[in-house]
Amino acid sequence: MRVAGALLLVLGCEARSDPGPGRAAQVSTASDTGRPAAPKKSDERAAEREALFRSVEREAEVHDPRVLAALRRVPRHRFVPAPLSDRAYEDRPLPIGHDQTISQPTVVAVMTAAVAPASTDRCLEIGTGSGYQAAVLAELCARVYSIEYLAPLARFAEENLRGAGYLEDRVMLRTGDGYRGWPEAAPFHVIVVTAAPESVPKPLLSQLAAGGRLVIPVGPEGAVQELELWTRTGSGDGPNAFDRRTLMAVRFVPFLGEGR
Ligand SMILES: C[S@@+](CC[C@H](N)C(=O)[O-])C[C@H]1O[C@@H](n2cnc3c(N)ncnc32)[C@H](O)[C@@H]1O
């Protein structure tokens with residue numbers, strides 16, 4: 001993986017409006033069976049996916065075989081709006097409405113590899129969007145908890161995850177502000193944040209398990225931000241409890257709600 005801004009990845013459109021529910025009631029929309037993920041559609045357009053992720057492996061220098069296998073299994077075309085289905089296997093962010101994007105495949109690969117999810121891990125994602133990153137994590141972790149601020153996108157993600165066969169298995173969804181995380185399900189071994197706050201939300205750091213990894217873009221709206229990897233190396237919430245590394249320069253949509 002290239003580090004420290006050597007690779008600038010532009011994630012996509014900037015969010016200009018904030019029609020979200022704020023601290024709306026959080027609603028769980030998935031069952032919690034713990035059964036293994038069994039995506040039904042992973043053979044659709046497999047050749048396009050193979051070509052895309054061969055190029056991602058080369059360009060982004062992501063070599064973790066579990067991560068690459070997960071990316072090859074998840075049918076990205078089932079997570080983009082139907083009119084954009086033909087473009088699903090371009091290495092680009094694509095609009096999903098409400099000024100938001102499904103992340104660029106290279107960015108998903110880099111972020112997922114950075115947090116190195118293990119099969120027994122509990123993962124938290126902030127910013128469900130299309131549900132694509134949640135599906136990738138579901139291929140790798142024991143359970144995924146994902147929070148989306150914008151209610152219409154939470155419904156979009158739920159439909160996509162159900163259609164691709166993930167929802168009944170390992171993914172739990174909530175609609176609301178992810179700033180405070182998901183305390184009842186904490187601690188998490190992995191936290192992936194897919195919108196950029198100006199600083200890392202402290203409640204998310206608090207919810208990291210011992211040895212847990214958090215990946216997050218940090219920086220002002222509309223400017224180049226830094227993708228940061230935080231690892232819990234000690235107890236408590238002080239500066240000595242975490243190791244922080246900067247991975248690369250990125251541009252993400254802004255974090256909405258309390259972290260804005
Ligand atoms: C780049 S998009 C997400 C991409 C998504 N992970 C995917 O795979 O499609 C960022 C998402 O974060 C959501 N978001 C922004 N701030 C949030 C917050 N405070 N809590 C939860 N979701 C948030 C946005 O509404 C948007 O859907």
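**Notes on helix packing and the ligand shell**

1. On the α1 side the contact is made by Arg49, Glu50, Phe53 and Glu57, and on the α2 side by Leu68, Leu71 and Arg72. Sorted by class, this contact holds four charged residues and three nonpolar ones, with no polar residues. Please keep in mind throughout that this is a predicted model.

2. Now the geometry of that pair. Helix α1 covers residues 46-60 and helix α2 covers residues 65-73; their axes come within 9 Å and cross at roughly 150°. Because angles over 145 degrees count as roughly antiparallel, α1 is roughly antiparallel to α2.

3. Is helix α4 mostly covered or mostly exposed? Spanning residues 132-140, α4 is mostly covered, with nine of its nine residues buried.

4. The biggest share comes from β3, which gives three residues.

5. Which residues come nearest to the ligand? Out of the 27 around it, they are Gly127, Gly129, Ser130, Gly178 and Ala195. As for the make-up of the shell, you will find 14 nonpolar residues, eleven polar and two charged.

Key:
Residues numbered from 1 in each chain as written. Predicted model: local features only at pLDDT ≥ 70, side-chain atom pairs only at ≥ 80, totals over all residues. Buried ≥ 20, exposed ≤ 12 C-beta atoms within 10 Å, placed from the backbone. Helix = DSSP H or I, 4+ residues; strand = E, 2+ residues; numbered from the N terminus. Axes fitted to C-alpha atoms, helices over the stretch in contact; angles between N-to-C directions. Parallel < 35°, antiparallel > 145°, perpendicular 65-115°, else oblique. Contact = placed C-beta atoms within 7 Å. Nonpolar A, V, L, I, M, F, W, Y, C, P; charged D, E, K, R; others polar. Near = placed C-beta within 6 Å.
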